[in-house]
Amino acid sequence: MIDVTTYIRPGSLEEALDVLASGEFTPLAGGTDLIPHARGRGPRKMLDLSGLSLDRVTRTASSIEVGACATHSELCRDAVVTKALPLLSKAAALVGTKQVRNRGTLGGNVVNASPCADTVPALLNHDAVAVLVSKDARRKVPVEAFITGPYATCIGPNELLTSIVCEPLEKPTFVSFLKLGRRQAVNISRMSLAVCLMMDGKGSIKGARVSAGAVFPVARRMREVERLLAGESPSKRLFAEAGALAAQLMVKESGVRWSTPYKRPVLAALLERALAEAASGNFGEQ
Amino acid sequence: MKLKFTVNRRATTLEVTGAERVIDLLRERLGLVGTKEGCGKGECGACTVLLDGSPVCSCLLLSSQVAGREITTIEGLSEGESLHPVQAAFAETGAVQCGFCTPGLVLSSAALLADIPAPSREQMKRALAGNLCRCTGYQKIFEAVELASRNMRREKRRRR
Ligand SMILES: Cc1cc2nc3c(=O)[nH]c(=O)nc-3n(C[C@H](O)[C@H](O)[C@H](O)COP(=O)(O)OP(=O)(O)OC[C@H]3O[C@@H](n4cnc5c(N)ncnc54)[C@H](O)[C@@H]3O)c2cc1C
């Protein structure tokens with residue numbers, strides 16, 4: 001059993017925000033992070049979000065808004081997401097197990113803010129913005145600023161994450177998403193990389209976006225690597241240099257740890273591979 | 001609260017707090033003990049049930065989250081005395097040893113075949129990755145899914 005004293009499942013956002021205004025309730029989406037941790041942790045008041053229809057994907061002229069309660073399975077299936085945000089659907093496809101993808105949501109993944117949350121590097125490459133709503137206010141915070149540390153975000157106790165707005169990339173952009181885990185199928189990432197290469201008409205890299213999960217204390221863009229790639233022509237040497245730079249950044253920021261002798265060469269090789277995969281266009285053009 | 005949902009094609013109403021885990025409702029209130037609890041953390045898949053046809057872990061599901069929805073447990077897969085083709089195939093190939101993971105594996109396999117009638121080995125591995133078996137080494141399980149897939153497709157052709 002889990003310890004819950006009060007349980008509410010509102011049917012509208014207004015009602016949910018009224019309940020949250022007390023600051024005492026914990027939102028519950030898919031429960032795949034919350035429920036395993038709720039056991040034996042003392043009583044809680046829970047607010048079930050499943051009646052709020054927050055799982056829609058909507059396309060506007062310049063962006064795509066993904067409802068916070070869209071499940072990973074929905075992100076793998078949704079025609080708009082798979083076409084315009086292929087990095088996000090690939091990341092979602094690599095989350096946990098079928099059972100977990102059927103319940104776990106995008107919003108839960110972001111608010112839980114694990115350093116290895118798989119959708120986060122994909123979202124960072126799309127300049128994603130979190131839409132936060134409370135009874136009296138609504139604000140938009142870039143996902144990069146929203147996650148403030150391992151398992152920490154700037155969400156208030158009276159706020160709900162209602163959606164995440166993503167910018168599709170200009171064409172032609174080549175992308176890849178690689179995740180390294182302990183075994184292939186079910187896996188918490190040891191490392192994940194999201195790569196976008198925006199190409200100019202002459203085969204050079206006009207701009208690049210590279211984000212890493214489970215490499216730094218908080219998933220982040222590697223702008224140093226992006227700058228190295230911009231303006232260059234894709235080559236094995238360039239990608240090897242980018243890999244080496246990423247490894248250097250990791251050691252500089254996270255320090256030398258027991259895992260460093262493993263992680264340093266692996267990150268370098270993984271980034272090199274992700275860049276080569278993106279450049280080959282095998283993963284798909286956006 | 002009054003919880004109305006469908007369990008194994010039967011409309012069911014229960015008085016609940018909303019915060020019970022679905023696995024506890026099934027086993028303790030409804031006597032459906034075919035659903036097993038293994039890790040209780042969503043990792044082993046022994047508690048798998050189908051929620052509107054899709055596999056989920058009933059240990060991570062709270063009762064109010066299934067209001068108005070349809071749950072299928074292993075008890076609801078067979079039609080009376082006749083086994084579901086996946087159940088028959090598990091028995092025929094000997095894909096069962098201690099049996100603890102079997103209800104979950106059978107349900108995940110049935111959901112896979114409803115989605116993809118002739119899955120590749122890769123697709124099977126991906127679909128069943130959330131169901132741990134510590135006895136069989138999975139080989140016989142994959143063979144059972146392949147046998148069920150062949151039998152179900154043959155049955156479908158025959159009926160057309
Ligand atoms: C076996 C297993 C394997 C897993 N594998 C992976 C993996 O490979 N990769 C990965 O990234 N994750 C993995 N996870 C973690 C988890 O499934 C994901 O993080 C999932 O996306 C969480 O979503 P949820 O809807 O289940 O969140 P919940 O558990 O419902 O909520 C998580 C947190 O977010 C808050 N919250 C949720 N939605 C909102 C909202 N809309 N507004 C405000 N707060 C909100 C909750 O209060 C809670 O604090 C795994 C989990 C399990 C059990």
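**Strands and burial**

A: Strand β6(A), residues 129–133, is mostly covered, with four of its five residues buried. Buried means under 20% relative accessible area, exposed over 50%, and partly exposed in between (1.4 Å probe, protein chains only). Strands (E, at least two residues) and helices (H or I, at least four) are DSSP runs numbered from the N terminus. This is a predicted model: local features need pLDDT of at least 70 and side-chain atom pairs count only at pLDDT 80 or more, while totals for chains, interfaces and linings use all residues. Side-chain values use heavy atoms, without hydrogens and water.

Q: How many bridges join β6(A) to β10(A)?

A: Five bridges join β6(A) to β10(A), residues 160–166, and the two run antiparallel. L132(A) has L161(A) in β10(A) as its bridge partner.

Q: In chain B, what does E70(B) touch?

A: Contact means heavy atoms within 4.5 Å. Not counting residues up to four places away in sequence, E70(B) touches T6(B), R9(B), L50(B), L51(B) and D52(B). E70(B) is found in strand β5(B), residues 70–72.

Q: Why is E70(B) called partly exposed?

A: Because its relative accessible area is 35%, E70(B) is classed as partly exposed.

Definitions and conventions: Residues are numbered from 1 along each chain as its sequence is written. Chains are lettered from A and ligands numbered from 1 in the order in which they are written. Two strands pair if DSSP finds at least two bridges between them.
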